[in-house]
Amino acid sequence: MVGLDVARQAEGSPRRVAAVWAAGGSWVGSLVAVTVGLALGGGNPSPYLLVDSVQGLIYPAIGGSVASRRPRNPVGWLLVGVGAAHGLDVLAGALLLRGVPLAAWAESWLWFPGLGTLTAVLPLVVPDGRPPGPRWRLVLLLSVGAVGLATLIAMAQPTVQGRPGEVLTNPVGVPGADAAVGPAFLLYLACSVVAVASFVRRWMTADRDGRRALLPILVAMVVVVLALVAVKVVQALGGASAAGPVVQAVVLPLIPASVAVSVLRYRLFDIELVLRRSVVYLVLAVLLGAVYAALIFATTGLLRNRFPSVPVTVATVGVALAFAPLRTVVQRAVSRVLFGDRDDPYAVLSGLGRRLAAARRPGGALDGVTELVCETMRVPAASLVGRNGTVVAATGTLPPAALRLPVVIDGEEEGELLVAPRAPGDTFGRRDRELLEDLARSAGPALRSDRLADELRRSRERLVAAREEERRRLRRDLHDGLGPALAAITLQLDVAAAQLGRDVRAAGELLAEVRRSAADVVADMRRVVSDLRPAELDDLGLPAAVERVAERISPGGPAVSVRCAPLPALSAAVEVAAYRIVQEAVTNAVRHSGAQRVTVDIAARGGDLAVCVEDDGNGLRPDAVPGVGTESMRERAAELGGTLDRCARAVGGTRVTARLPLEPR
């Protein structure tokens, strides 16, 4: 595993390359020590040779993977050191059998630094390599000191255990050192209890992401403790004593595996298969071992040792039958914990559908999309961005190097789904991208619905604002124009009435002036009424009113032709909207396009009134921005539930097409 890292990280920074080679060298050294130890100590009667050998191989491998990716994090190096100590312990045990004098001394203490590091130091620094807070630094130093002190006392004991039944004099022993073993062990035990308690407290007080990072280690600790306690219980009830080392060899590697998951859980996807299979088979071995032990215990108690071979047979058959279904269950659970729900895209998309269906307000469906992405893919942040660059939903804080996936519906890009990598520098694999693309496609209708709802809201706001502005204009025209004019006419009539008995000629002149004022008031009233609704529509109907628009423009301007098919009865709102759209579109063509000919086509098609205005002018520039007139036409169409499109013609010129529903929608 570490050897693969050397090839993959060869292009990395010098520090990282050095860490890869150092981790790889440590693992190779431990492999050599264990191999030589097993070869030399084939007759070693110690039942814990298997435990030390497994730890001497697995701990440096997993620790090397952590250290090669996080060289500044001491957790990986601690695991490497624990494995190296166990590997050297295997070699020392083998050399002891060969009669090497110093081997007994080395074998008497090499096992302790690894155990002490696992219980008293590692819980204080996982997963980021730092103690929980400044106040815990003293506890960390005390724990390191306790492990070191206990190791030195073990090294300095006057006598050491040699081969079975043999006690040897320690060549570097210190008289009276054995008296300090008890206090040193109690100090180490107290530091271990405090370290484990700090880890549990940190997990209980952490946020969701912090708990998720520490959960694998907590689960591994519980499994190890339960497995060891179960072995002790079985042995106390008369079970086989050889089960203890076997169970330890199986469950103790769960500790480095869980630490690797916590430290590298966002960075292990380049070795995903190795990690997943390692964790799966470790958990599977623990569960099958428990099944095996339970079957042995149960059948032994039932048969009362009458048929010694039957319990083993029953347990073996039971384990064989349980392997396949248990493996499936464990693999699904491990994949879900490590990599989210990506192995079950149906469940992910089904969950997305339920969240979209449960939305209680426009745009509310998008609130849960990014949360679902983070929960499903085990990523720290995700965001949905609309086509105008507005963030419509977000979870977490996105880094600059986020994965961008377009959200496309009906061939039109509605926005983007941005997903943060699990850790800086990570990339998403093929399966990750496929699931994210499916999520992006599924979120497309909701994103479009959110955009349309927002556009409708803003359109309604503009319509309300336009209505209030129109009312304000009417009030101003009536108050400032018609009101004073009518008041003046009233005064002139009073003066004329007063002069009728004295000066008929003057009274006649005043009445003539009143007549002119009244005519001006009538003209103003016609103008106000015409602004509200063109009188031509009531007098002539829509086709003839549009013809009048063409007649007023044609003299001195481009030729305007009108084609109008027979129309059904139109509502007043549709008539006004169609008339104003034609009026604005023709005016724009005359003023801005340089057209020589303008064509207006009006017809009823498919339940809509289709209005099309075409010209042969300059057309639309690629960077053209819709003006006030275009927005006014679009708002008039949208107010009735219709649409308006303005585009360039293939043969040159501009086409404005509006579709207005004949019935309200």
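Two strands are said to pair if DSSP finds at least two bridges between them. Strands (E, at least two residues) and helices (H or I, at least four) are DSSP runs, numbered from the N terminus. On this basis strand E9 (residues 608-615) and strand E11 (residues 654-661) pair in the antiparallel sense over 7 bridges.

The structure is a predicted model, in which local features need pLDDT of at least 70, side-chain atom pairs count only at pLDDT 80 or more, and totals for chains, interfaces and linings use all residues. Residues are numbered from 1 along each chain as its sequence is written, and side-chain values use heavy atoms, with hydrogens and water left out.

## Overall composition

The chain holds 21 helices and 11 strands. Of its 665 residues, 41% are buried; buried means under 20% relative accessible area, exposed over 50%, and partly exposed in between, with a 1.4 Å probe and protein chains only. Contact means heavy atoms within 4.5 Å. Among contacts between residues at least 6 apart in sequence, 65% join residues at least 24 apart.

## The two sheets

Strands of a sheet pair through backbone hydrogen bonds, either parallel or antiparallel. The sheet that contains E9 and E11 is open and has 5 strands in the order E7-E8-E9-E11-E10, with mixed pairing. Its edge strands are E7 (559-564) and E10 (643-648), each of which pairs on one side only. Neighbouring strands are turned by 10 degrees against each other on average, direction ignored. Axes are lines fitted to C-alpha atoms, for helices over the stretch in contact, and angles run from 0 to 180 degrees between N-to-C directions.

Two helices pack on this sheet. Helix H20 (residues 572-593) touches E7, strand E8 (597-605), E9, E10 and E11, and its direction makes about 10 degrees with that of E9. Helix H21 (residues 628-639) touches E10 and E11, and its direction makes about 145 degrees with that of E10.

H20 has 22 residues and reaches 31 Å from its first C-alpha to its last, close to the 32 Å expected at 1.5 Å a residue; the expected span is 1.5 Å times one less than the number of residues. Glycine 594, with a positive phi near 70 degrees, follows H20. Another glycine with positive phi, near 105 degrees, is glycine 652, in the hairpin of E10 and E11, which has 5 residues between the strands.

A second open sheet has 4 strands in the order E4-E3-E6-E5, and its pairing is antiparallel. Strand E4 (391-395) and strand E5 (403-409) stand at the edges with a single partner strand each, so one side of each is left without a neighbour in the sheet. Strand E3 covers residues 382-386 and strand E6 covers residues 412-419.

| Strand pair | Bridges | Facing residues |
|---|---|---|
| E9 and E11 | 7 bridges | Leucine 609 and leucine 660 |
| E10 and E11 | 6 bridges | Threonine 643 and arginine 659 |
| E3 and E6 | 5 bridges | Valine 385 and glutamate 416 |

## Nonpolar cores

A nonpolar core is a set of buried Ala, Val, Leu, Ile, Met, Phe, Trp, Tyr and Cys residues joined through side-chain atoms within 4.5 Å. The largest has 43 residues, of which Tyr59, Val75, Leu122, Val126, Phe199, Ile255 and Val259 touch the most other members. Among the elements that give two or more residues to this core are helix H3 (49-69), helix H4 (74-97), helix H8 (181-205) and helix H11 (254-264). Leaving aside neighbours within four places in sequence, valine 259 is in contact with Val75, Leu79, Leu122, Val126 and Ile217. Apart from this core lies another, of 33 residues, among them Leu570, Val598, Leu644 and Ala658.

## Leucine 542

Leucine 542 is found in helix H19 (residues 542-553). This leucine counts as buried because its relative accessible area is 1%. Not counting residues up to four places away in sequence, leucine 542 touches Leu537, Leu567, Leu570, Glu575, Ala578, Tyr579 and Leu609. The C-alpha atoms of leucine 542 and leucine 567, which are 25 residues apart along the chain, are separated by 9.2 Å.

## Cysteines

A search of the whole structure finds 0 disulfides, a disulfide being a pair of cysteine sulfur atoms within 2.5 Å. The cysteine sulfur closest to that of cysteine 647 belongs to cysteine 612, and the distance of 8.5 Å is too far for a bond. Cysteine 647 is partly exposed, at 24% relative accessible area, whereas cysteine 191 counts as buried, at 5% relative accessibility.
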